[in-house]
Amino acid sequence: MASDKVLDMIHGALIAHGIDAVRRDQDVLLQSRQLRFEAEVFEAEAGRLVLEIYIFSPLLDVQPVIESFAGFGDTREQELNQAFEKFLRGVFHVAIEGLADHVCDNMQAEVEVWQQSIPVGRSGKRMFAGKSMVDRSFPRPPPSLIR
C-alpha cells in the first residue's frame with residue numbers, strides 16, 4: 001500500500017528542486033525521464049518505523065532500486081520525518097542527478113566517469129554515489145545482544 005504522506009513529501013522535494021513532477025494515485029512521476037517513485041511505510045516496534053522507497057527508471061530495465069530507511073522518534077510523525085530526511089540526504093540526489101539528469105546548484109551526488117577501452121562512438125560509464133551516513137540516534141541494543 002502506497003504511503004500518501006511520503007509520496008506528497010517526494011513530490012514536494014522534486015518541485016522544490018525545480019523538477020516537473022506529477023503526483024499520481026500510487027506514485028510520483030517525472031514525465032521527462034519516465035523516472036517514478038513509489039513508497040511504503042512499515043510499522044515496527046514502538047518508536048521505530050521503516051520507510052521503503054522504490055525507484056523505477058527505463059535505465060534500470062525492470063528491476064527498481066529499493067532503499068530502506070529506519071526512523072526513530074517519540075511520535076509516528078517524528079519517525080517518518082527522520083526516515084524521509086535520510087532518503088533526502090542520501091539516495092534522492094543520486095536518483096535525480098543520475099537517472100533524471102538534474103544537477104543541483106550545490107551538486108549533491110559524487111560523479112565518477114570510467115573510460116576503459118571504449119570503442120569509437122561510445123562514451124564511458126558514469127557512476128553516481130551519494131553520501132555515506134551513520135545514524136547514531138537509534139536506541140542502544142540490550143547488553144545481551146552486544147558481544
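1. Start at the β3-β4 turn. β3 and β4 form a hairpin with 4 residues between them. Gly 47 in that turn has a positive phi of about 85°. Helices (H or I, at least four residues) and strands (E, at least two) are DSSP runs, numbered from the N terminus.

2. A word on the model. It is predicted, so local features need pLDDT of at least 70 and side-chain atom pairs count only at pLDDT 80 or more, while totals for chains, interfaces and linings use all residues. Residues are numbered from 1 along each chain as its sequence is written, and side-chain values use heavy atoms, with hydrogens and water left out.

3. The overall plan. The protein has 2 helices and 7 strands. Along the sequence they follow the pattern α-β-β-β-β-β-α-β-β. Of the 147 residues, 35% count as buried; buried means under 20% relative accessible area, exposed over 50%, and partly exposed in between (1.4 Å probe, protein chains only). Among contacts with a separation of 6 or more, 39% come from residues 24 or more positions apart. Contact means heavy atoms within 4.5 Å.

4. The sheet. Five strands make an open sheet in the order β1-β2-β3-β4-β5, with antiparallel pairing. β1 (22-23) and β5 stand at the edges with a single partner strand each, so one side of each has no neighbour in the sheet. Two strands pair if DSSP finds at least two bridges between them.

5. Helices on the sheet. α1 packs on the sheet and touches β1, β2, β3 and β4. The direction of α1 makes about 140° with that of β3. α2 also packs on the sheet, touching β3, β4 and β5. The direction of α2 makes about 145° with that of β5. Axes are lines fitted to C-alpha atoms, for helices over the stretch in contact, and angles run from 0 to 180 degrees between N-to-C directions.

6. β2 with β3. Strand β2 (residues 28-30) pairs with strand β3 (residues 35-43) in the antiparallel sense over 3 bridges. Leu 30 stands opposite Leu 35 in β3. This pair is a hairpin too, with 4 residues between the strands. Gln 34 in the turn has a positive phi of about 55°.

7. β3 with β4. The pairing of β3 with strand β4 (residues 48-56) is antiparallel and runs over 8 bridges. Phe 37 faces Ile 55 in β4. Glu 43 stands opposite Leu 49 in β4.

8. β4 with β5. β4 is mostly covered, with 7 of its 9 residues buried. β4 pairs with strand β5 (residues 65-72) in the antiparallel sense over 8 bridges. Tyr 54 has Ile 66 in β5 as its bridge partner. Leu 49 stands opposite Gly 71 in β5.

9. The helix pair. Helix α1 (residues 4-16) and helix α2 (residues 76-98) pack at an angle of about 45°, with their axes 11 Å apart. That makes α1 oblique to α2; angles under 35 degrees count as roughly parallel, over 145 as roughly antiparallel, 65 to 115 as roughly perpendicular and the rest as oblique.

10. What meets between the helices. Lys 5, Val 6, Met 9, Ile 10, Ala 13 and Leu 14 in α1 meet Leu 80, Asn 81, Phe 84, Phe 87, Leu 88, Phe 92 and Ile 96 in α2. These residues divide into 11 nonpolar, 1 polar and 1 charged. Ala, Val, Leu, Ile, Met, Phe, Trp, Tyr, Cys and Pro count as nonpolar, Asp, Glu, Lys and Arg as charged, and the others, Gly among them, as polar.
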